[in-house]
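Please look through the model below before reading on. The dialogue after it goes through some of its features one at a time.

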Amino acid sequence: MSTMEPDALSARDPLKYMALFEGVRTKRILAFFIDVMAILFFTFLAGIAVFFLGIFTLGIGWLAYAFLWQGVAILYSAFTLGGPSSATPGMRAFGLQLRLDDGSRPTPLVAIAHVVLFWISMGMITPLVLAVSLFSDKKRLLHDIIVGGVVVNTAALARPY
């Protein structure tokens, strides 16, 4: 096998193919901040739309403010993480990609489950979310393990092994 095939990703030993997982933890943290800024920007834009919706619906549309950022975050993840690049813009900026254990790309539904589990775990066990990656062989976080995903360096996927 000259290049690593996507379905062979799960069989790769992280100690033997360290390039797949080098710096993933740090890159994910930095990518998170880019993604939060993007979600805030889109939430601001959606907030303007909801304001006008509320005017046209005599205030009923303003109920959407209660779930605005959550809805934006879910749609953001579904279209980016569940899209053809399998990465959010923040992840793409740092050369990361989410793959499932079998090497396939996540579907939008898996991406939604991934982000919902992330926010639940952040709300419940905030400091321990990153600690899980210290003990995981592929630097996976708790929500990665639950959905059966792994975040890898994009450039390392195409390298010959």
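Predicted model: local features only at pLDDT ≥ 70, side-chain atom pairs only at ≥ 80, totals over all residues.

Q: How many helices and strands does the protein chain have?
A: Helices (H or I, at least four residues) and strands (E, at least two) are DSSP runs, numbered from the N terminus. Here the protein chain has six helices and two strands. Along the sequence they follow the pattern α-α-α-β-α-α-β-α.

Q: What percentage of the protein chain counts as buried?
A: Buried means under 20% relative accessible area, exposed over 50%, and partly exposed in between, with a 1.4 Å probe and protein chains only. Of the 161 residues, 39% count as buried. In H2 the buried residues are Leu68, Val72, Ala73, Tyr76, Ser77, Ala78 and Thr80.

Q: Which angle do the axes of H1 and H2 make where they cross?
A: Axes are lines fitted to C-alpha atoms, for helices over the stretch in contact, and angles run from 0 to 180 degrees between N-to-C directions. The axes of H1 (residues 24-56) and H2 (residues 68-80) cross at roughly 125° and come within 9 Å. H1 is therefore oblique to H2; angles under 35 degrees count as roughly parallel, over 145 as roughly antiparallel, 65 to 115 as roughly perpendicular and the rest as oblique.

Q: Is the crossing of H1 and H2 left-handed or right-handed?
A: A crossing is left-handed if the near helix is turned anticlockwise from the far one by less than a right angle, and right-handed if clockwise. The crossing of H1 and H2 is right-handed.

Q: Which residues in H1 and H2 meet?
A: Contact means heavy atoms within 4.5 Å. From H1, Asp35, Ala38, Ile39, Phe42, Thr43, Ala46, Gly47 and Val50 meet Leu68, Trp69, Val72, Ala73 and Tyr76 in H2. By class, this contact has 10 nonpolar, two polar and one charged residues. Ala, Val, Leu, Ile, Met, Phe, Trp, Tyr, Cys and Pro count as nonpolar, Asp, Glu, Lys and Arg as charged, and the others, Gly among them, as polar.

Q: What span should H2 have?
A: The expected span of a helix is 1.5 Å times one less than its number of residues. The 13 residues of H2 should span 18 Å, and its end C-alpha atoms are 18 Å apart, which agrees.

Q: What is Ala78 in contact with?
A: Ala78 lies in H2 and is buried, with a relative accessible area of 11%. Leaving aside neighbours within four places in sequence, Ala78 is in contact with Gly83, Pro108, Ala111 and Ile112. The C-alpha atoms of Ala78 and Leu109, 31 residues apart along the chain, are separated by 6.9 Å.

Q: Which residues have a positive phi without being glycine?
A: Most residues other than glycine have a negative phi. Among those with a positive value are Ser86, with phi near 55°, and Lys139, at about 55°. Ser86 is found in the loop between H2 and H3 (89-93) and counts as buried at 0% relative accessibility. Lys139 is found in the loop between H4 and H5 (142-147) and is partly exposed, with a relative accessible area of 26%.

Conventions. Residues numbered from 1 in each chain as written. Heavy atoms only, no water.
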